[in-house]
Amino acid sequence: MIKARNIHKSYGNLEVLKGVDIHIKVGEVVSIVGESGAGKSTLLQILGTLDQPTNSKQNDTEITIAGESFINMNDKQLSKFRNQNIGFVFQFHQLLPEFTALENVLLPTKIAGTSEKEAIEKAYALFEDLRIEQRLHHKPNQLSGGEAQRVAVARALINSPKIIFADEPTGNLDSKNADDLHRLFFDLRDKYDQTFVIVTHNPNLAEITDRKLVMKDGMIIE
Ligand SMILES: Nc1ncnc2c1ncn2[C@@H]1O[C@H](COP(=O)(O)OP(=O)(O)OP(=O)(O)O)[C@@H](O)[C@H]1O
Ligand SMILES: [Mg+2]
């Protein structure tokens with residue numbers, strides 16, 4: 001699903017990523033752990049097309065998602081690629097406050113040009129999978145933290161992306177809500193063969209993922 005070779009990222013003299021290689025298979029749930037400042041979010045942003053790597057000395061950086069290379073795409077191509085292939089979940093839900101849960105989840109389908117009927121059917125199915133079907137018309141400030149985060153997951157999944165990137169998706173939840181959402185990730189993987197890459201400080205989650213990658217000082221060390 002993802003193949004990346006020799007990813008570097010520097011800010012001036014500060015080398016944040018020092019040549020990361022990563023391979024992730026379809027349907028894998030992979031966690032990335034490591035100390036604060038190790039470069040986890042930076043790596044996730046680059047893999048998720050939200051940030052650009054710095055050229056490596058050998059000029060041999062490669063990143064493909066589902067066989068497609070995106071590092072030379074222009075902004076318009078990238079937005080389209082992202083909309084079709086990638087879902088994101090962040091620590092704070094980042095739902096739009098003026099819109100209901102359902103409207104938030106439907107937004108990516110509007111950008112993709114999906115028919116409304118198809119989009120709504122998919123959204124209802126996801127709200128059921130995520131056990132928030134009673135919260136369709138609530139605005140974000142009328143949702144609990146766990147519910148809002150589940151809506152954010154539904155929004156990430158609505159376009160059936162090939163891969164979901166999550167950066168501390170349960171970092172803001174209590175342990176029960178966190179464990180609950182972690183279980184849902186695995187249910188969604190089983191049901192949709194969805195691939196997940198999850199940055200986390202949560203040891204319970206890291207232990208139950210298929211593979212745990214440990215980052216230190218800009219490298220994956222195990
Ligand atoms: N825009 C930037 N300019 C300069 N330095 C940056 C920038 N963004 C990140 N860094 C630095 O890059 C390093 C890696 O940051 P990153 O956010 O990837 O860490 P992280 O592993 O996600 O940490 P945490 O667990 O605290 O979220 C940090 O030392 C950070 O200060
Ligand atoms: Mg981070």
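Q: Which residues are the closest to ligand 1 among the 13 that surround it?
A: This is a predicted model, where local features need pLDDT of at least 70, side-chain atom pairs count only at pLDDT 80 or more, and totals for chains, interfaces and linings use all residues. Residues are numbered from 1 along each chain as its sequence is written, chains are lettered from A and ligands numbered from 1 in the order in which they are written, and side-chain values use heavy atoms, leaving out hydrogens and water. A residue is near a molecule if one of its heavy atoms lies within 4 Å of it. Around ligand 1 there are 13 residues, and the closest are Ser36, Lys40, Ser41, Thr42 and His201.

Q: Which element gives the most residues to the shell around ligand 1?
A: Helices (H or I, at least four residues) and strands (E, at least two) are DSSP runs, numbered from the N terminus. Strand β2 (14–24) and helix α1 (40–47) each supply at least two residues of this shell. With 3 residues, the element that gives the most is α1.

Q: How many residues of the shell around ligand 1 are polar?
A: Ala, Val, Leu, Ile, Met, Phe, Trp, Tyr, Cys and Pro count as nonpolar, Asp, Glu, Lys and Arg as charged, and the others, Gly among them, as polar. The shell has 4 nonpolar and 3 charged residues, and its polar residues number 6.

Q: What distance separates an oxygen atom of ligand 1 from an N or O atom in the side chain of Thr42?
A: An oxygen atom of ligand 1 lies 2.8 Å from a polar backbone atom of Gly37. In the side chain of Lys40, an N or O atom is 2.7 Å from a ligand oxygen. For the side chain of Thr42, that distance is 2.6 Å.

Q: Is Thr49 buried or exposed?
A: Thr49 sits in the loop between α1 and β4 (62–65). Buried means under 20% relative accessible area, exposed over 50%, and partly exposed in between (1.4 Å probe, protein chains only). Because its relative accessible area is 3%, Thr49 is buried.

Q: Which residue joins its side chain to that of Thr49 in a polar contact?
A: Contact means heavy atoms within 4.5 Å, and beyond four places in sequence Thr49 touches Phe70, Leu78, Phe81, Arg82 and Ile86. A polar contact is a pair of N or O atoms within 3.5 Å; within protein, one must be able to donate a hydrogen and the other to accept it, and residues adjacent in sequence count only if both atoms are side-chain atoms. At 2.8 Å, the side-chain partner of Thr49 is Arg82.

Q: Which residue caps the N-terminal end of α2?
A: Helix α2 (residues 75–85) has Leu78, Phe81, Asn83 and Asn85 buried, and what covers them includes β4, β5 (68–69), β6 (86–89), α3 (101–112) and β7 (163–167). At the N-terminal end of α2, a side-chain oxygen lies 3.1 Å from the backbone nitrogen of Lys76, and this oxygen belongs to the cap, Asn74.

Q: Which helices do the buried residues of α3 pack against?
A: The buried residues of α3 include Leu102, Val105 and Leu106. After α3 comes Gly113, with a positive phi near 80°. The buried residues of α3 pack against α2, α4 and α5 (145–157).

Q: What is the phi of Arg131?
A: Most residues other than glycine have a negative phi. Gln94, in the loop between β6 and α3, has a positive phi near 55°. Arg131, in the loop between α4 and α5, also has a positive phi, near 60°.

Q: Which residue's side chain makes a polar contact with that of Asp129?
A: Asp129 belongs to helix α4 (residues 116–129) and is buried, at a relative accessible area of 19%. Leaving aside neighbours within four places in sequence, Asp129 is in contact with Leu184, Leu188, Lys191 and Tyr192. The polar contact, at 2.8 Å, is with Lys191.

Q: What is the relative accessible area of Asp187?
A: Asp187 lies in helix α6 (residues 175–192). Asp187 is partly exposed because its relative accessible area is 44%.
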